[in-house]
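Here is a short note for your review, in numbered points. Please read it with the model open.

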Amino acid sequence: MDFILWPRNDIEKIVCLLFSRWKGSEDQPFRPVQAKFEFYHGDYEKQFLHVLSRKDKTGIVINNPCQSIFLFIDRQHLQTPKTKATILKLCSICVYLPQDQLTHWGVGTVEDHLRPYMPE
């Protein structure tokens with residue numbers, strides 16, 4: 001994954017959707033898990049400002065307030081003839097859900113749930 005998260009202000013939130021099915025039922029479709037995984041811009045922006053003040057080079061991990069999404073971030077420095085800029089790029093995402101909630105399924109298909117996020 002190579003997605004710049006900072007500096008920018010055109011992202012309202014990061015949303016992750018989780019789908020599951022019983023092990024061994026490969027002939028069955030994945031079903032949506034009833035869980036919210038959202039990370040709002042304001043929440044990660046505060047953490048980014050704190051991260052920028054530190055000298056850590058690697059191992060940047062931030063999380064949403066309810067600790068259900070963890071973002072692994074890479075800090076990169078861009079040098080231009082006039083300025084030096086720091087950008088924060090998303091490397092990977094981890095979502096946390098207690099195992100007993102993996103079968104709290106909702107209705108609809110994967111396509112039904114992805115449709116609102118896809119361009120027309």
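1. Terms for the strands. Two strands pair if DSSP finds at least two bridges between them. Helices (H or I, at least four residues) and strands (E, at least two) are DSSP runs, numbered from the N terminus. With that in hand, take Ile62: its bridge partner in β7 is Leu71.

2. Basis of the values. This is a predicted model, in which local features need pLDDT of at least 70, side-chain atom pairs count only at pLDDT 80 or more, and totals for chains, interfaces and linings use all residues. Residues are numbered from 1 along each chain as its sequence is written, and side-chain values use heavy atoms, with hydrogens and water left out.

3. Strand β7 and its partners. Strand β6 (residues 60-63) and strand β7 (residues 69-79) run antiparallel, joined by four bridges. Strand β8 (residues 84-95) is also antiparallel to β7, with 11 bridges between them. Leu71 has Ile93 as its bridge partner in β8. A hairpin of four residues connects β7 to β8.

4. The β6–β7 hairpin. Five residues sit between these strands. Which residue there takes a positive phi? Gln67 does, near 55 degrees. The value is positive in a residue other than glycine. Gln67 counts as partly exposed because its relative accessible area is 46%; the class runs between buried (under 20%) and exposed (over 50%), using a 1.4 Å probe and protein chains only.

5. Asn64, in the loop between β6 and β7. Is Asn64 buried or exposed? Asn64 counts as buried because its relative accessibility is 0%. Its side chain reaches the backbone nitrogen of Ser68 at 2.8 Å. That is a polar contact: a pair of N or O atoms within 3.5 Å, where within protein one must be able to donate a hydrogen and the other to accept it, and residues adjacent in sequence count only if both atoms are side-chain atoms. Leaving out residues up to four places away in sequence, Asn64 touches Glu38, Phe39 and Ile69. Contact here means heavy atoms within 4.5 Å.

6. Please check the peptide bond between Trp6 and Pro7: it is cis, with omega about 5 degrees. Asn9 is exposed because its relative accessibility is 68%. From Asn9 to His41 the C-alpha distance is 7.8 Å, across 32 residues of sequence.

7. Ala85, in strand β8. Ala85 is partly exposed because its relative accessibility is 34%. Its contacts include Gln76, His77 and Leu78, not counting residues up to four places away in sequence. Asn9 is 16 Å from Ala85, C-alpha to C-alpha, and 76 residues apart in sequence.

8. The largest pocket. A pocket is an open set of points on a 1 Å grid over the protein atoms alone, where a 1.4 Å probe fits, with protein on both sides within 12 Å along at least five of seven lines; lining residues have an atom within 4 Å of a point. The largest pocket holds about 210 Å³ of space. Its lining has 15 residues, with Cys16, Leu17, Ala35, Lys36 and His113 nearest the centre. β2 (13-16) and β5 (37-40) each supply at least two lining residues. By class, 10 are nonpolar, three polar and two charged.

Terms used. Points joined across faces, edges and corners; volume = space filled by probe spheres on them. Nonpolar A, V, L, I, M, F, W, Y, C, P; charged D, E, K, R; others polar.
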